[in-house]
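Reader: Could you take me through this structure slowly, setting each value against the rule behind it?

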Amino acid sequence: MSGFGNAIFDSVQSLNAFVFDFDGLILDTESSLIGAYEDVHAAHGVRFDRELFLRSVGHVDFSFDPWHAFEKRADRAALETERRKRNRELDRGLPVLPGVAALLHEAKGAGLRLGLASNSSHAHVERHLGRLGLLHLFSCLACREDVASPKPEPDVYRWVLNRFGIKGRQAIAFEDSNIGTRAAARAGLWVVAVPNASTVHHDFSHAHLRLHSLAETSLKDLMARAASGFR
């Protein structure tokens, strides 16, 4: 092995893992969530404030009542049940976001370990990864049940690092939101931000690299960037 092959090999030795967020990064569940709220509002003839809702996406510290446009006497539990049913229907048709599957397979083939760090539940994450045929690629799944505090706390990322027995700079995190990039940065990982339509307005100053899509990059590109300290 010579030339760039040696550089890739050396980088793989020091850059040991890729750690992916799930919602909004692998699967655009955030858009289906918004779509479900819109559909329930429309079914009841109530206007849905999409712009205000978008402000709440990915922000745990933003207080927002999604049913505020309804009358006070409205049965919010029934509305939420209706929303969940519609949400599940929309989720079933969601495809993997561009570039995700190719990068996962490429990284796995190169010997990197693949982890996942999510604020969602194991049931949610594993159901979708299984449906998409991607679950077997991951060596470690860290979800909200596994840690004391969700993102933007670094707990889920530290959980993965501890499980892999590596340090932060031996892994690249892939995130789509402000709280996700903050969590990964606080855990010491290299951070690649890939915002979607729901999070494009977020502050990604904690990320080392921002992309429009994972289809824009490759294992070779990421290894080269890591080897140069993402300069």
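Author: A residue is called buried if its relative accessible area is under 20%, exposed if over 50%, and partly exposed in between, with a 1.4 Å probe and protein chains only. By that rule Phe-48 is buried, and Phe-53 is buried as well. This is a predicted model, in which local features need pLDDT of at least 70 and side-chain atom pairs count only at pLDDT 80 or more, while totals for chains, interfaces and linings use all residues. Residues are numbered from 1 along each chain as its sequence is written, and side-chain values use heavy atoms, with hydrogens and water left out.

Reader: What makes His-124 buried?

Author: The relative accessible area of His-124 is 16%, so this residue counts as buried. His-124 is found in helix H6, helices being DSSP runs of H or I with at least four residues and strands runs of E with at least two, numbered from the N terminus. Leaving aside neighbours within four places in sequence, His-124 is in contact (heavy atoms within 4.5 Å) with Phe-22, Asp-23, Thr-29 and Asp-91.

Reader: Why is the pair of Phe-20 and Phe-138 called edge-to-face?

Author: Rings of Phe, Tyr and Trp (its six-membered ring) pair if their centres lie within 6.5 Å, and planes under 30 degrees apart count as stacked, over 60 as edge-to-face and the rest as tilted. This rule gives 10 aromatic pairs. The ring centres of Phe-20 and Phe-138 are 6.3 Å apart and their planes stand at 90°, so this pair is edge-to-face. Phe-20 lies in strand S1 and Phe-138 in the loop between helix H6 and strand S3, so the pair ties together parts that are 118 residues apart in sequence.

Reader: What makes the pair of Phe-48 and Phe-53 tilted?

Author: The centres of these two rings, Phe-48 and Phe-53, are 5.5 Å apart and the planes are at 50°, so the pair is tilted. Ring pairs also link both of them with Tyr-37, Trp-67 and Phe-70 into a cluster.

Reader: How do you know that the buried residues of H9 line one face of the helix?

Author: In H9, the buried residues are Leu-219, Leu-222, Met-223 and Ala-226. Seen down the axis of H9, they fall within an arc of 100° (taken from the directions from the helix axis to the C-beta atoms), so they line one face. An α-helix has 3.6 residues a turn, so residues three or four places apart point the same way.
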